[in-house]
Amino acid sequence: MNVLRFLNRQKICAIDRQMLNRVARALLEDLREGGGYTLGVHLVGAQEMTGLNERFLRHEGSTDVITFDYTPSRREIERLGFRTEYSGDEVLSWWRPSLHGEIFICVDEALAQARRYGVLWQTEMVRYLVHGLLHLDGCDDSKPNLRRAMKRKENKLLKELSRRFDLGKLGRVNKSLGAHERK
């Protein structure tokens, strides 16, 4: 059974969660080719993201996306008493039929980066979702060559999603908030 849950804990933008759910499920289907998932996606503001970033990653300030992968590692598999007769990635592909994790997306960062790069903030937000899912699917961006490879995958998937969905309809900025509340 697949579980995908969205929690919107920010107020700067109104989000069409049904559409975001359809986009995410299409992305998961493309990435996992029928593999299972249990995934929580949290849309948060800059203040909450700053707290998460400082507490869990020990980085100062806000960031665009943070992913928590709850899938057991090979060491954890062995510690639980499972025999790993396979080597290397074969063990992970055997054990990792499903994605298990949470993705925290900072909507404030999506707005800021969209202005910086001249794109829709909704597209930027979906980019963060793609980035987080790629991490859960095993992609690593800790080294320059890995970062470039992951960015290529990210761009390809985002382009495909942009063809299938009108990402601009994912939400709107809440005009009712005062300027001091939107910062």
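N174 has a relative accessibility of 16%, below the 20% limit, and therefore counts as buried. The structure is a predicted model. N174 sits in the segment that follows β6 (171-173). Two polar contacts involve the side chain of this residue. One goes to the backbone oxygen of K11, at 2.6 Å. Another pairs the side chain of N174 with the side chain of R172, at 3.2 Å.

In soluble globular proteins, nonpolar side chains tend to be buried together. Here the largest nonpolar core comprises 42 residues, and I105, M125, L129 and L133 have the most contacts inside it. At least two residues of this core come from each of β1 (3-8), β2 (13-15), α1, β3 (36-44), β5 (98-106), α5 (107-117), α6 and α7 (144-164). The most is given by α6, with 9 residues. Leaving aside residues up to four places away in sequence, M125 touches I15, L20, L43, I105, V107, A110 and L170. Another core, of 7 residues, lies apart from the largest one and includes M49, L52, I66 and F68.

The helix pair α1 and α6 can be taken next. Two packed helices are described by the angle between their axes and the distance between the axes. For α1 (residues 17-32) and α6 (residues 121-136), the angle is about 35 degrees and the axes are 11 Å apart. The crossing of α1 past α6 is right-handed. On the α1 side the contact is made by L20, V23, A24, L27, L28 and L31, which meet M125, V126, L129, V130, L133 and L134 of α6. By class, this contact has 12 nonpolar residues, with no polar and no charged ones.

Key. Residues numbered from 1 in each chain as written. Predicted model: local features only at pLDDT ≥ 70, side-chain atom pairs only at ≥ 80, totals over all residues. Heavy atoms only, no water. Axes fitted to C-alpha atoms, helices over the stretch in contact; angles between N-to-C directions. Helix = DSSP H or I, 4+ residues; strand = E, 2+ residues; numbered from the N terminus. Left-handed = near helix turned anticlockwise from the far one by under 90°. Contact = heavy atoms within 4.5 Å. Nonpolar A, V, L, I, M, F, W, Y, C, P; charged D, E, K, R; others polar. Core = buried A, V, L, I, M, F, W, Y, C linked by side-chain atoms within 4.5 Å. Buried < 20%, exposed > 50% of the residue type's maximum accessible area, 1.4 Å probe, protein only. Polar contact = N/O pair within 3.5 Å; in protein donor to acceptor, adjacent residues only side chain to side chain.
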